[in-house]
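Hi everyone, thanks for making time this morning. I'd like to walk you through one model, so let me put it up on the screen.

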There are 2 protein chains.
Amino acid sequence: MQNIFEGVPQRAAEEQIDDLLARPGLRIERIVSTGHASPEGFWYDQPLDEWVIVLRGMAGLQVEGEAEQILGSGDFIFLPSRKRHRVTFTAAEEPTVWLAVHFGNDV
Amino acid sequence: MQNIFEGVPQRAAEEQIDDLLARPGLRIERIVSTGHASPEGFWYDQPLDEWVIVLRGMAGLQVEGEAEQILGSGDFIFLPSRKRHRVTFTAAEEPTVWLAVHFGNDV
């Protein structure tokens, strides 16, 4: 893949995650969601820091203890390690393409 | 800034570079070019690895010893440290927005 929008599925059973770069302490990945959301009651609780941006589509993000945020094209957020969060929805009509940078000592 | 397209200048004398995140060993930055290019004969010769993607606009990238590449929206490239490269042009009609991830031991 040389273009992040290449081969984006219009619909898939599961979220599609592809590593664009992986190094000690750093992973850059593309995530494609097509209507996916975190299961009811599920929270991400990650050992790594994450910086993530939505490039296409739309998503709802709930950080524990904060108001739900709606992320559209270009919106980014920093999620410190162990900051619990969940995806409340992603657009049903079009793929949502995320670019996520995970970093820390444990990648 | 919460959106990478927020406050993008239509035209500026210099390229505009903003840190979106800076940590030991990692820097994520937004670069906005409005028709800028590397000066004649200038080559970037960076101590850090760089992963970079064009989000809007268009640019020409010359990596030393390789053919010039044209990068448009979504195109990304990995530039290892000390791999000399230069920007041959950026779009004149619209801003070119880059997202660059610099990493290494020396950020």
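Predicted model: local features only at pLDDT ≥ 70, side-chain atom pairs only at ≥ 80, totals over all residues.

Staying with chain A, its C-alpha atoms fill a box of roughly 35 × 35 × 25 Å along the principal axes. As for secondary structure, chain A has eight strands and zero helices. Read from the N terminus, the order is simply β-β-β-β-β-β-β-β.

Here is one side-chain pair to look at within that chain. Arg30(A) and Asp18(A) form a salt bridge, with their closest N and O atoms 3.5 Å apart. Arg30(A) belongs to strand 2 (residues 26–33) and Asp18(A) to strand 1 (residues 16–23), so this pair ties together parts that are twelve residues apart in sequence. Over all chains, the count of salt bridges is twelve.

Now for the two chains together. How is chain B placed relative to chain A? A rotation of 180° with 0.0 Å of shift along its axis superposes chain B on chain A, at an RMSD of 0.0 Å. That is the relation of a two-fold axis. Both copies use the same surface, too: 100% of the contact residues of chain B recur in chain A.

On to the interface itself. There, 21 residues of chain B are in contact with 21 residues of chain A. The area buried between the two chains is about 1900 Å², and carbon and sulfur atoms give 71% of that. On the chain B side, Gln2(B), Trp51(B) and Phe76(B) lose the most area to chain A, together 27% of what that side buries.

And which kinds of polar pairing turn up across this interface? There are eight residue pairs in polar contact, counting pairs with both residues at pLDDT 80 or more. Salt bridges across the interface number zero.

Where does the touching side of chain B come from? The elements of chain B that give two or more residues to it are strand 1 (16–23), strand 2 (26–33), strand 3 (49–56), strand 6 (76–79) and strand 8 (96–103). By class, that side of chain B has 15 nonpolar, four polar and two charged residues.

That's my tour, and I'm happy to rotate the view for anyone.

Technical notes
Residues numbered from 1 in each chain as written. Chains lettered and ligands numbered in written order. Heavy atoms only, no water. Least-squares fit on C-alpha atoms with pLDDT ≥ 70 in both. Contact = heavy atoms within 4.5 Å. Buried area = accessible area lost by both parts, 1.4 Å probe. Salt bridge = Lys/Arg side-chain N within 4 Å of Asp/Glu carboxyl O. Polar contact = N/O pair within 3.5 Å; in protein donor to acceptor, adjacent residues only side chain to side chain. Helix = DSSP H or I, 4+ residues; strand = E, 2+ residues; numbered from the N terminus. Nonpolar A, V, L, I, M, F, W, Y, C, P; charged D, E, K, R; others polar.
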